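Trainee: I am new to this structure. Please show it, and let me ask about the terms used for it.
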Amino acid sequence: AVAAIERLQRAGRLDAPTREGLVLTLQGRDCPSALQLVPPDAAAPLTTARQQLAAAYCSAEDAARATRHFAAAQTLAGNDTALASQALTGKAHSLAQQGDAAGAQAALAEAVRLAPNDAQAHAAYGYQLKTSGAKEEALREFEAAWRLDGSRTELLPELAWLAEQLNRREDAIRYGRAAIDEQGSIQRRLALPDDEAQRRLFGWRRAVQTQEDRFNWSANANVRLDHGPDTSVPLSPVDYSQYGGSLNLGASYRYTPLGAQLPTWVFGRASTGLEDRSLQTDPENKLLGMGVRQRLSQSYMIVGSAEYLWRKSAEHESDAMLRLSGSHTWGGDWNPVDSQWTYANIYGDLAWLVRASTYYATVQGEWGRQFKLENAPFKATLMPYLSSNYSANNDSVARADVNRLDVGLGVALQTWHREDKYRAPAISQRLSLEVRQVVAGNSTDRHTVQLKWILLH
């Protein structure tokens, strides 16, 4: 075919439109032949912008050559702004493949300037801007593409994510709900496998629920099933260092003055100690607290807080606590696809009581395996797990440093509740039985058996 076309061209029996049609036919059937016929040169005999575009698409595995074809197509497009925009969009893609982000961005900026009504150019520019971290500009381009072509439903999750990042809460919710409505269309347009589509859908529902619910609350109880610690020790203000029985209630409201990724919480809490092996409260062990928490990092869950505390039976009943904590969790939320999955959590905490001049330090890790309870009437898993915890403090009248390193084995029943089409479950519950054994440290409390219940919104 190539030889025949070249003979016709040498004999002067082939014009540019006919040659273009032949090249476009070869693009769909025989890319090597199309590339043989079309050099990446705008001055080549009888070449056209569409021939150069066909050769560029055939050069998908050779980004450098594709770039030259797209550049030639742009030159040959002349006053055909739609064709020039198509060439610039393709050129940007091939430049990005070669690591030239600035060149790709410049090409796409020119494409949307030449063809302001080209949804594809706006969408491609949006993706490039998002990759470069220009979130506000990326959102603007995606919104333009969505207005121009409402069939581009795959843009809705991008719009929702960028609006959330830019602290445009109402827009994030609106776009997130629209993405959930268009889930089937998005799956088809992106050719997503069913499992991946379900994972993304759950993520969109979780994002909507999180954006909508600024008010959060928690309730938890820790029942000591064996002998308790020294009753003269006041109630710990740090949950992870609490080895005696306790009942705790808390509530918080989330603000975003520094942006959605750096939320601020105003919170309050109340705790009371529990007698060993019972839910009877200890009248001499009570705690009230209120304060402010601030997330300090967009990339990591690091939180600083300042809190006013009142603790009955403590040396200083009124005190202030400054605290820095960090955590990361894998596999803690419901998994819409897998029947079992790995869970892990790491947590670190350093707290300072100002008037008492005492400290609490904690590092904890948990690792477990979640197993779905398929026959449960609600979302539920059973999770055996291992834990390890190091804690140290000097919060006693004698100011003696007490520390312990323990390992634990437990089993937890976890459930998720209150969901609808647009919102992932807003309430989670965990009931666990855990045995801990101290393996190092000077604590006299060497062994604990605890029944723990946590309810979170």
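Mentor: A patch is made of residues with over 30% relative accessible area and no salt bridge, where like charges are joined within 9 Å and nonpolar side chains (Val, Leu, Ile, Met, Phe, Trp, Tyr) within 5 Å. A salt bridge is a side-chain nitrogen of Lys or Arg within 4 Å of a carboxyl oxygen of Asp or Glu. Accessible areas come from the Shrake-Rupley method with a 1.4 Å probe, and for residues only the protein chains shown count as cover. This is a predicted model, where local features need pLDDT of at least 70 and side-chain atom pairs count only at pLDDT 80 or more, while totals for chains, interfaces and linings use all residues. Residues are numbered from 1 along each chain as its sequence is written, and side-chain values use heavy atoms, without hydrogens and water.

Trainee: Which residues make the nonpolar surface patch?
Mentor: L225, L373, L382, V411, L413, L431, L433 and L451 make this patch of about 570 Å².

Trainee: Why is V411 called partly exposed?
Mentor: Buried means under 20% relative accessible area, exposed over 50%, and partly exposed in between. V411 has 36%, so the term is partly exposed.

Trainee: What makes C31 and C58 a disulfide?
Mentor: A disulfide is a pair of cysteine sulfur atoms within 2.5 Å. The sulfur atoms of C31 and C58 are 2.1 Å apart, so the pair qualifies. The torsion about their S-S bond is about -70 degrees, so this disulfide is left-handed.

Trainee: Is C58 buried or exposed?
Mentor: C58 is buried, because its relative accessible area is 14%, whereas C31 is partly exposed at 24%.

Conventions. Buried means under 20% relative accessible area, exposed over 50%, partly exposed in between (1.4 Å probe, protein chains only).
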